[in-house]
Amino acid sequence: MNIDLHCHSNVSDGALAPAEVARRAAARGVDVWALTDHDQLGGLAQAREAALAAGMRFIDGVEISVTWRGSTIHVVGLRIDPGNAALAAGLARVRGGRIERARQIAQELKEAGIDGAFDGALSHAENPEMVSRTHFARFLAQVGAVDGMKDAFRKYLVPGKPGYVPHQWAALAEAVRWIREANGQAVLAHPGRYGLSAAALDALLAEFRAAGGEAIEVVTGSHSPEQYRQFGAIAAQQQFCASRGSDFHGPDEGAEFGSLPPLDPALRPLWHDWAL
Ligand code: AMP
Ligand code: MN
Ligand code: MN
Ligand code: MN
């Protein structure tokens with residue numbers, strides 16, 4: 001069974017509407033599918049309807065932005081109740097401030113010689129409240145300031161480069177608490193992406209577990225095959241469940257549905273006790 005538990009629609013920083021993402025996942029062989037937009041539940045109803053029509057099992061999800069020791073960390077929540085008030089209130093708070101941050105990003109880009117980035121980024125954002133660095137990257141690529149989205153995140157938008165504006169997201173423990181209050185399961189997303197030392201990663205995993213976190217993403221579009229092995233070994237040693245998801249954002253923007261290998265069968269998958 002192809003289980004893909006991480007991706008985005010244009011309700012956050014994906015390029016396609018939730019129903020289009022569903023049809024694309026199904027067409028590429030996904031059987032069990034979660035939509036996990038950043039800090040937003042607004043696409044889940046549409047996604048569920050399209051997923052069921054396309055013959056997939058649907059899992060309600062979200063990816064929460066967290067600030068941990070000054071780094072941005074992502075926590076995926078799965079099988080959440082989208083009607084849970086504590087989760088909705090927490091996410092509303094995390095979403096706040098993106099527009100003001102976007103103005104500051106645009107100001108930095110202007111100082112670096114790139115005009116029109118605020119309107120440009122917003123023109124790529126279906127939902128202005130969720131304007132994201134991804135929308136700036138699409139704008140920078142569109143105007144030819146960079147050679148594709150990857151290049152945008154090399155030259156701009158990351159710490160130390162123009163267009164990086166630090167932001168205070170949720171605390172780790174509160175993000176996990178919101179997920180659990182909504183009867184969901186918390187997954188540490190793409191741990192290989194944070195550039196943490198082994199000691200810092202251990203500290204993060206310890207705090208994540210203490211908060212109620214259950215799984216780490218092992219196979220994801222953000223990891224190399226070497227990192228599948230590295231984080232698979234960490235999951236096994238530390239007795240976390242393992243999760244898998246493409247982190248699809250759009251056609252020709254990184255990982256695609258159906259392109260990732262399965263989890264190593266020696267790992268305990270997050271879905272080991274799901275009725276699938
Ligand atoms: P934000 O939440 O506005 O800070 O934007 C973060 C989003 O930018 C992530 O969810 C990714 O979709 C995207 N992103 C971050 N770093 C990179 C990168 N190095 N390459 C491509 N996309 C990235
Ligand atoms: Mn994203
Ligand atoms: Mn992420
Ligand atoms: Mn993601």
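This is a predicted model: local features need pLDDT of at least 70, side-chain atom pairs count only at pLDDT 80 or more; totals for chains, interfaces and linings use all residues.
The place of the ligand within the protein comes first. The shell around ligand 1 takes at least three residues from domain 1 (3-95 + 168-273) and at least three from domain 2 (98-156). Two helices also contribute to this shell: helix 4 (98-111) and helix 6 (133-142) each provide at least two of its residues.

Which residues surround ligand 1? They are Asp 13, His 38, His 74, Arg 98, Arg 101, Ser 132, Arg 133, Thr 134, Phe 153, Arg 193 and His 249. Sorted by class, the shell comprises five charged residues, five polar residues and one nonpolar residue.

Individual contacts may now be considered. His 38 has a polar side-chain atom 2.8 Å from an oxygen atom of ligand 1. For Asp 13, a polar side-chain atom lies 3.0 Å from an oxygen atom of the ligand. In the case of Ser 132, the distance from a polar side-chain atom to an oxygen atom of ligand 1 is 3.3 Å. On its own, ligand 1 has 500 Å² of accessible area, and the protein covers 79% of that area.

Terms used: Residues are numbered from 1 along each chain as its sequence is written. Chains are lettered from A and ligands numbered from 1 in the order in which they are written. Side-chain values use heavy atoms; hydrogens and water are left out. A residue is near a molecule or strand if one of its heavy atoms lies within 4 Å of it. A polar contact is a pair of N or O atoms within 3.5 Å; within protein, one must be able to donate a hydrogen and the other to accept it, and residues adjacent in sequence count only if both atoms are side-chain atoms. Accessible areas come from the Shrake-Rupley method with a 1.4 Å probe; for residues, only the protein chains shown count as cover. Helices (H or I, at least four residues) and strands (E, at least two) are DSSP runs, numbered from the N terminus. Ala, Val, Leu, Ile, Met, Phe, Trp, Tyr, Cys and Pro count as nonpolar, Asp, Glu, Lys and Arg as charged, and the others, Gly among them, as polar. Domain bounds come from an automatic or database domain assignment.
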